Amino acid sequence: ILLLVFGVAYFMFFRAKIEMPNFIGKTKQDVAAWVTQYDITPTGIIFEEAYSLDVKEDQIISQSVEAGTKVKEDVKLNFVLSLGVPNN
């Protein structure tokens, strides 16, 4: 019976249940809306910036967790945000 109780508790409280979207090509505001919608802990979200010849300014170049992966509310995520084409 204890095993059954622990199994049910795991599936109800501890299992990852939020599907990670594909944010590549989206904006920082899209990530913020998703964080708010699913009550994701915002302190685990980190944005880095990089120049890109292919991705427009203020769009996400990459994300640390693959789209479709199930995550929990306290997930740690890194995003690389485009600064656009470098000015030389």
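This is a predicted model: local features need pLDDT of at least 70, side-chain atom pairs count only at pLDDT 80 or more; totals for chains, interfaces and linings use all residues.
**Entry 1**

I started at E48, which stands opposite V80 in β5.

I then looked at the pairing of whole strands. β2 and β5 run parallel and are joined by 6 bridges. β3 and β5 (residues 77-82) run antiparallel, with 3 bridges between them. I noted for reference that strands of a sheet pair through backbone hydrogen bonds, in parallel or antiparallel fashion.

**Entry 2: the sheet**

In what order do the 3 strands of the open sheet lie? I read the order as β2-β5-β3, and the pairing is mixed. The edges are held by β2 (45-50) and β3 (60-63); each has a single partner strand, so one side of each is left without a neighbour in the sheet.

Helix α2 (residues 28-37) does, and it touches β2, β3 and β5. The direction of helix α2 makes about 175 degrees with that of β2.

**Entry 3: the chain as a whole**

I counted elements next. The protein chain has 2 helices and 5 strands. Along the sequence they follow the pattern α-β-α-β-β-β-β. The chain has 88 residues, of which 23% count as buried. I also checked how far contacts reach along the chain: among those between residues at least 6 apart in sequence, 69% join residues at least 24 apart.

For confidence, I noted a mean pLDDT of 88 for the protein chain, with 85% of its residues at 70 or more. Where is confidence lowest in the chain, and where highest? Helix α1 (residues 2-14) is lowest, at a mean of 63, and β3 is highest, at 98.

**Entry 4: aromatic side chains**

I searched the whole structure for aromatic pairs and found 4. One of them is F23 with W34, an edge-to-face pair with 5.5 Å centre to centre and 65 degrees between the planes. F23 is in the loop between β1 (18-19) and α2, while W34 is in helix α2; the two are 11 residues apart, and the pair links distant parts of the chain.

Are these two residues buried or exposed? F23 is buried, at a relative accessible area of 5%. W34 is buried as well, at 6%.

I followed F23 to another ring. The centres of F23 and F79 are 5.7 Å apart and their planes stand at 85 degrees, so this pair is edge-to-face. F79 lies in strand β5 and F23 in the loop between β1 and α2, so the pair ties together parts that are 56 residues apart in sequence. Both F23 and F79 are buried.

Which residues make up the aromatic cluster? I listed F23, W34, Y38, F47 and F79, which form one cluster. At F47 I also noted a charge: K28 lies over the face of F47, at 4.9 Å from the ring centre.

**Entry 5: E73**

I looked up E73 in the loop between β4 (70-71) and β5. E73 counts as partly exposed, at 32% relative accessibility. Leaving out residues up to four places away in sequence, E73 touches K17, I18, Y38, D39, I40 and T41. One of these, Y38, belongs to the aromatic cluster. I also took the C-alpha to C-alpha distance from E73 to P42: 9.2 Å, for residues 31 apart in sequence.

**Entry 6: positive phi values**

D39, one of the residues touched by E73, has a phi near 55 degrees, which is positive in a residue other than glycine. D39 sits in the loop between α2 and β2. At 62% relative accessibility, D39 counts as exposed.

I found a positive phi at D58 too, near 70 degrees, again in a residue other than glycine. Which loop holds D58? D58 is in the loop between β2 and β3. With a relative accessible area of 46%, D58 is partly exposed.

Notes. Residues are numbered from 1 along each chain as its sequence is written. Side-chain values use heavy atoms; hydrogens and water are left out. Two strands pair if DSSP finds at least two bridges between them. Helices (H or I, at least four residues) and strands (E, at least two) are DSSP runs, numbered from the N terminus. Contact means heavy atoms within 4.5 Å. Axes are lines fitted to C-alpha atoms, for helices over the stretch in contact, and angles run from 0 to 180 degrees between N-to-C directions. pLDDT is the predictor's confidence in each residue, from 0 to 100. Rings of Phe, Tyr and Trp (its six-membered ring) pair if their centres lie within 6.5 Å; planes under 30 degrees apart count as stacked, over 60 as edge-to-face and the rest as tilted. Buried means under 20% relative accessible area, exposed over 50%, partly exposed in between (1.4 Å probe, protein chains only). A charge sits over a ring if NZ of Lys or CZ of Arg is within 6 Å of the ring centre and within 35 degrees of the ring normal.
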